[in-house]
Amino acid sequence: MTGADPIEIRTLTTRDEVGAGFRVFLRAMIGLPLRDVDATEVTDPGRFLGALEGAQVVGSADSYRSWLAVPGGARVPHAAVTHVGVLPTHRRRGIVTRLLTHQLRDVAGRGEAVASLRASEAVIYERFGYGVASSARPVRVDLHRAGLRPEVPAGGTVRLVDRAVTTGALAEIYDRVRRTGAIGRPAGWWRLQEITRAAGSVPHYVVVHSTDGVDDGYAVYHPVPADDWFTSRDKTVTVTDFVSLTDSAQAGLWRHLLSLDLVDVLAFDALALDDPLPLAVTDRRAVHLGSARDETWLRLVDVEAALRERAWGDADPVVLEVRDPILDGNNGTFELGPKTVRRTDAAADLGVDVATLAAAYLGGTRWRHLAAAGRVTVHDPDAVRRADELFATTALPFAGTVF
């Protein structure tokens with residue numbers, strides 16, 4: 001706190017303070033309902049930062065302790081950043097900058113190698129070192145035309161799950177997800193889903209898929225409210241969470257959802273850009289792909305640790321210079337290759353800022369595209385090709401979790 005700016009940045013410690021921080025976030029987002037929620041139930045203790053003017057909380061930044069699945073299947077310690085907001089009466093005073101800078105240093109001190117968030121605005125977070133590392137798209141399926149191809153696997157068994165046992169059953173399945181880009185869902189996240197569903201008047205349905213008695217997938221869906229549900233020709237069901245651990249589970253869940261009675265349209269909130277659903281139906285035009293949109297905004301908090309955790313493609317090493325204006329320990333030059341990741345004094349082949357490296361880290365953005373956009377300093381043109389081979393993944397990254 002200074003005489004010129006009486007804003008103090010610190011951890012919110014009491015129930016009242018955390019609740020105040022949560023309400024600041026809801027008000028800052030404008031379009032979110034102001035629900036009466038005990039914020040301590042849906043947050044991790046000791047991680048909610050506040051900007052205080054005297055005793056009043058005027059800004060907030062929070063995070064969950066989590067993990068991020070990276071290429072090769074490793075799970076990297078991860079901070080899931082959320083609840084970032086400033087009251088409209090206190091905007092344009094540098095409060096977000098102070099909150100997020102404080103948060104990054106706090107996350108680094110906790111030993112979490114990466115952080116990620118979902119951005120309400122696309123122009124805020126790059127200056128804090130975040131880059132778009134995965135994208136997603138909404139999908140609508142015309143159920144009158146979307147029959148599955150005969151060669152699609154039959155899948156296992158599907159059962160409806162009662163809401164009273166939903167969270168534990170789904171969390172146990174989700175905790176086995178290994179797809180690149182997936183993040184750990186902490187207890188507070190699951191609790192918030194329960195509260196949100198219970199507060200609404202729309203029924204939610206949960207189906208769990210099993211193969212040989214082992215649960216290996218699930219889907220959560222609900223009807224879109226309509227006064228004329230039974231007479232409408234556009235009766236829509238929205239899938240808000242779709243998780244499958246195997247191709248068989250994916251196919252079994254497709255079969256259930258695409259065969260729902262009284263439904264004309266099946267809408268997915270978000271699917272990976274390379275999701276195979278369009279390839280599984282007899283009429284591909286029955287699957288309407290929405291516009292791609294940014295999903296994971298990723299920040300490498302400990303560049304060296306994050307680079308060591310991911311798997312690499314088969315190519316000759318690249319020497320990469322990294323620039324980080326906030327976390328000085330990330331500045332340096334690194335040799336990246338299938339056999340080693342190490343700091344080096346060798347001349348750099350390529351140079352990037354930490355946000356650009358984050359965009360490429362999960363394999364969702366090609367180095368040649370970043371170079372074409374002028375976001376890479378290229379000292380050795382062949383290094384761009386090698387970097388693409390080193391960072392390549394077999395599937396595009398996708399998180400599928402909103403927080």
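Phe391 is buried in this predicted model, because its relative accessible area of 4% falls under the 20% limit for that class. Its partner is Trp367, and the two rings form a tilted aromatic pair, 5.2 Å centre to centre with 55 degrees between the planes. Trp367 belongs to helix H9 (residues 367-372) and Phe391 to helix H10, so the pair links distant parts of the chain, 24 residues apart. Trp367 is buried as well, with a relative accessible area of 1%.

**Nonpolar cores**

Trp367 also has a place in the largest nonpolar core, which has 55 residues. Within that core, Trp367 and Leu300 touch the most other members. Leaving aside neighbours within four places in sequence, Leu300 is in contact with Ala113, Val114, Ala306, Asp324, Asn330, Val354, Leu357, Ala358 and Tyr361.

**Aromatic pairs and charges over rings**

Over the whole structure, a search finds nine aromatic pairs. One of them joins Tyr205 and Tyr221, which are stacked at 5.7 Å centre to centre, with 25 degrees between the planes. Tyr205 lies in strand S8 (residues 205-211) and Tyr221 in strand S9 (residues 214-223), so this pair ties together parts that are 16 residues apart in sequence. The two partners are placed as follows: Tyr205 counts as partly exposed, at 37% relative accessibility, whereas Tyr221 is buried, with a relative accessible area of 6%.

Ring pairs also link Trp67, Tyr174, Trp189 and Trp190 into a cluster. The charged end of Arg75 sits over the ring of Trp67, at 3.7 Å from its centre. In the case of Tyr174, the charged end over the ring belongs to Arg185, and the distance to the ring centre is 4.0 Å.

**Annotated residues**

Which residues does the UniProt annotation "active site" cover? The unreviewed entry names Tyr125 and Phe403. Of these residues, Phe403 is included in the lining of the largest cavity.

Tyr125 is found in the loop between strand S5 (114-117) and strand S6 (131-142). Although placed in a loop, Tyr125 counts as buried, at 5% relative accessibility. Residues up to four places away in sequence not counted, Tyr125 touches Val84, Leu100, Leu117, Ala119, Tyr130 and Trp297.

Phe403 comes in the segment after helix H10 (381-391). Its relative accessibility is 15%, so Phe403 counts as buried. Apart from neighbours within four places in sequence, the contacts of Phe403 are Ala80, Val81, Thr82, Ser116, Leu117, Arg118, Ile183 and Trp189.

**Loop residues**

Ile30 and Asp212 both have a positive phi without being glycine. For Ile30 the angle is about 65 degrees, and for Asp212 it is near 50 degrees. Asp212 lies in the loop between S8 and S9, the strands that hold Tyr205 and Tyr221. Ile30 lies in the loop between helix H1 (15-28) and strand S2 (49-53).

A further loop residue is Arg176, placed between helix H3 (166-174) and helix H4 (187-199). Leaving aside neighbours within four places in sequence, Arg176 is in contact with Arg75, Val214, Asp215, Asp216 and Leu245. Arg75 is the residue whose charged end sits over the ring of Trp67. Arg176 and Arg35 are 141 residues apart along the chain, and their C-alpha atoms are separated by 32 Å.

| Residue | Relative accessible area | Class |
|---|---|---|
| Ile30 | 71% | exposed |
| Asp212 | 78% | exposed |
| Arg176 | 33% | partly exposed |

Terms used:
Residues are numbered from 1 along each chain as its sequence is written. This is a predicted model: local features need pLDDT of at least 70, side-chain atom pairs count only at pLDDT 80 or more; totals for chains, interfaces and linings use all residues. Side-chain values use heavy atoms; hydrogens and water are left out. UniProt positions are given in the numbering used here, feature names are shortened, and annotations may be inferred rather than shown by experiment. On a 1 Å grid over the protein atoms alone, a cavity is a set of points where a 1.4 Å probe fits but cannot get out, and a pocket is an open set with protein on both sides within 12 Å along at least five of seven lines; lining residues have an atom within 4 Å of a point. Helices (H or I, at least four residues) and strands (E, at least two) are DSSP runs, numbered from the N terminus. Buried means under 20% relative accessible area, exposed over 50%, partly exposed in between (1.4 Å probe, protein chains only). Contact means heavy atoms within 4.5 Å. A nonpolar core is a set of buried Ala, Val, Leu, Ile, Met, Phe, Trp, Tyr and Cys residues joined through side-chain atoms within 4.5 Å. Rings of Phe, Tyr and Trp (its six-membered ring) pair if their centres lie within 6.5 Å; planes under 30 degrees apart count as stacked, over 60 as edge-to-face and the rest as tilted. A charge sits over a ring if NZ of Lys or CZ of Arg is within 6 Å of the ring centre and within 35 degrees of the ring normal.
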